[in-house]
Amino acid sequence: MASNGTRQGGIISPFLFCRYIRDLLHDIAQAGIGCNIGGVFINILAYADDIVLLAPSWRTMQVLLVILETHTIKIDMKCNENKTVCMVFQPKRRSQNVSMSFPPLTLGNFCVKYVVTFKYLGHIIFSDRKDNDDIQRKVRNMLMRTNLLIRRFSKCSYAVKLVLFRAYCICLYDACLWSNYNTGCLTKLKLCYHKCIKMFFGFKRCDSVSQILFSLGLPSFDTLLHNSRVIFTHAWCKCPNMLVFHMQQVVPCKCF
């Protein structure tokens with residue numbers, strides 16, 4: 001929107017925006033076209049202004065974009081031309097591949113560009129559906145944060161360091177979504193986790209990792225990964241939005 005909108009960072013802003021685009025989400029969800037995932041009809045996902053359209057074909061996606069354009073005109077809203085992109089997922093079986101290239105999709109007065117990687121809500125998605133690069137990004141981030149903590153808080157007590165390390169280095173955000181990756185990539189992240197603990201708390205390389213984790217009261221890497229998946233699954237099943245989704249086929253919802 002050019003001059004009106006909700007406050008950036010406000011707690012109530014996502015709810016107000018979802019209310020504002022409620023009719024848009026409803027009409028796209030009830031359009032009768034889109035992807036069927038596990039027997040559930042899904043064609044739109046959204047979290048505040050981050051809206052994703054899902055379609056099994058080029059023509060279907062173009063129809064959804066037309067519906068999106070019609071509603072954005074009604075509510076005086078514009079899609080960001082620089083952030084609106086499209087990603088094509090090729091089928092696993094090459095015999096099912098229709099084409100390697102598609103004509104440009106149009107949204108209003110601009111053409112939507114095609115990309116092979118995209119960042120959605122902090123998680124990097126690749127057209128080949130692999131998570132190796134996202135895991136490597138976690139390795140770089142963990143090393144960067146640990147080095148930052150060492151420079152600023154190396155002389156603090158163990159109690160303070162534990163709080164800092166738990167807050168900045170233990171949170172494996174989106175790790176629960178990893179499903180297609182090489183074992184070597186995950187092993188690198190595990191070794192990085194052990195290395196960061198030894199660096200920040202002043203242990204030697206040859207010290208036992210098990211004894212270090214026990215003495216500090218920190219979880220092992222496998223425990224972190226397991227807890228992340230369990231918490232995500234539990235939250236997914238208990239989410240009230242999912243109840244609305246199953247009853248009305250509407251997802252409160254990023255935009256391609």
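Start by selecting Asp174 and Arg137: their side chains meet in a salt bridge, at 3.7 Å from N to O. By salt bridge I mean a side-chain nitrogen of Lys or Arg within 4 Å of a carboxyl oxygen of Asp or Glu. This pair links distant parts of the chain, since Asp174 sits in the loop between α5 and α6 while Arg137 is in helix α4, 37 residues apart. Before going on, note that this is a predicted model, where local features need pLDDT of at least 70, side-chain atom pairs count only at pLDDT 80 or more, and totals for chains, interfaces and linings use all residues. Residues are numbered from 1 along each chain as its sequence is written, and side-chain values use heavy atoms, with hydrogens and water left out.

Are these two partners buried or exposed? Asp174 is buried, with a relative accessible area of 6%, and Arg137 is buried too, at 13%. Here buried means under 20% relative accessible area, exposed means over 50%, and partly exposed is in between (1.4 Å probe, protein chains only).

Now show what surrounds Arg137. Leaving out residues up to four places away in sequence, Arg137 touches Lys119, Gly122, His123, Ile124 and Asp174; a contact is heavy atoms within 4.5 Å.

Lys138 is in helix α4, 36 residues away from Asp174. Both Asp174 and Lys138 are buried. Bring in Asp134 as well, and you have a network of salt bridges linking Asp134, Arg137, Lys138 and Asp174.

How many salt bridges are there in the whole structure? A search finds four. For another one, jump to Lys190 and Asp222, which meet at 3.6 Å, N to O. Lys190 lies in helix α6 and Asp222 in helix α8 (residues 221-238), so this pair ties together parts that are 32 residues apart in sequence. Lys190 is partly exposed at 29% relative accessibility, and Asp222 is partly exposed at 46%.

Next, select helix α7, residues 209-216; its buried residues are Ile212, Leu213 and Leu216. Look down the axis of α7: those buried residues fall within an arc of 95 degrees, so they line one face of the helix. Among the parts covering the buried residues are α5 (158-168) and α6 (183-201).

Time for some strands. Select β8 (residues 117-120) and β9 (residues 123-126), which run antiparallel and are joined by four bridges. Strands pair if DSSP finds at least two bridges between them. Thr117 has Phe126 in β9 as its bridge partner. The two strands form a hairpin with two residues between them, and Leu121 in the turn has a positive phi of about 55 degrees. Phe118 and Tyr120 make up the covered face of β8, while Thr117 and Lys119 are on the uncovered one.

Finally, zoom out. The protein chain has nine helices and nine strands, taken as DSSP runs (helices are H or I, at least four residues; strands are E, at least two) and numbered from the N terminus. Of its 256 residues, 36% are buried.

Key
Arc of directions from axis to C-beta.
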